[in-house]
Every structure is written in structure tokens, then in C-alpha cells.
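I opened my notebook to go through this structure step by step. Here is what I looked up, in the order I looked.

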Amino acid sequence: DQVEVTATTVRDVQSALSIRRYYSGARNGVFNGETVAALKRFQAENRLDADGRIGPQTLRALGVPFQTRCGPSYGERG
């Protein structure tokens, strides 16, 4: 599954990182270098893949709700 990352998701991640004192920038939904750096620190300290990406495991660890995008189901009829 892939996470649908929107500005709202990024803002929620920034807020969750801020509460945990990893991030001190604006909670503006812009996925910038400061957000990536804070995300990597959080991921490393929580034994997640510290790639700076917003994925399902990271969102679960932060307690941020998210939507997933599933690829097409081949061979199924509706």
C-alpha cells in the first residue's frame, strides 16, 4: 500500500513531530528540508527505516490518520 500524502497529512506529521519535540518549524503542510530532517530523527530513534519518507509505519508510530492508495486489482470483476 502507498500513502496518499496531502498537505493535510504533512501538516499532521509536522504537528505530531512538534509535540514530540523533533520539529520546531511552521505547521504549514509544506514538506521541506526541516520536516524531512525531523522525520529522519524520529524514524531513527523509533527503529523505523530512517528514509525521511511519509509511509504507513511512520504514520502509525506518530498516530497520524492516513488514507492508502491501492493499485488496480487485475483479474477481478465488479
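The entries below go from the whole chain to single residues.

**Entry 1: the overall layout.** I noted to begin with that I am working from a predicted model. I looked up the secondary structure and found three helices and two strands in the protein chain. Reading along the sequence, I wrote down the order as β-α-α-α-β.

Entry 2: I checked how much of the chain is tucked away: of its 78 residues, 33% count as buried. I then looked at contacts with a separation of 6 or more, and residues 24 or more positions apart make up 37% of them. For the accessible surface I got about 5300 Å², with 43% of that belonging to carbon and sulfur atoms.

**Entry 3: helix α1.** I turned to α1, which covers residues 7–19. It has 13 residues, and its span from first C-alpha to last is 18 Å, close to the 18 Å expected at 1.5 Å a residue. Which residues of α1 are buried? I listed T9, V10, V13, Q14, S15, A16, L17 and S18. What covers them includes α2 and α3.

Entry 4: Y22 sits in the loop between α1 and α2 while F42 belongs to helix α2, so the pair ties together parts that are 20 residues apart in sequence. Are these two residues buried or exposed? Y22 has a relative accessible area of 16%, so I put it down as buried, the cut-off being under 20%. F42 is buried as well, at 2% relative accessibility.

Entry 5: Where does R21 sit? I found R21 in the loop between α1 and α2, the latter being 33–45. Just after α1, R21 takes a positive phi of about 65 degrees, although it is not a glycine. R21 is exposed, with a relative accessible area of 78%.

I found R47 in the loop between α2 and α3, where α3 is 56–62. R47 is not a glycine either, yet its phi is positive at about 55 degrees. How exposed is R47? Its relative accessible area is 83%, so I marked R47 as exposed, the cut-off being over 50%.

Technical notes:
Residues numbered from 1 in each chain as written. Predicted model: local features only at pLDDT ≥ 70, side-chain atom pairs only at ≥ 80, totals over all residues. Heavy atoms only, no water. Helix = DSSP H or I, 4+ residues; strand = E, 2+ residues; numbered from the N terminus. Buried < 20%, exposed > 50% of the residue type's maximum accessible area, 1.4 Å probe, protein only. Expected span 1.5 Å × (residues − 1). Contact = heavy atoms within 4.5 Å. Areas by Shrake-Rupley, 256 points an atom, 1.4 Å probe, with all protein chains shown as cover.
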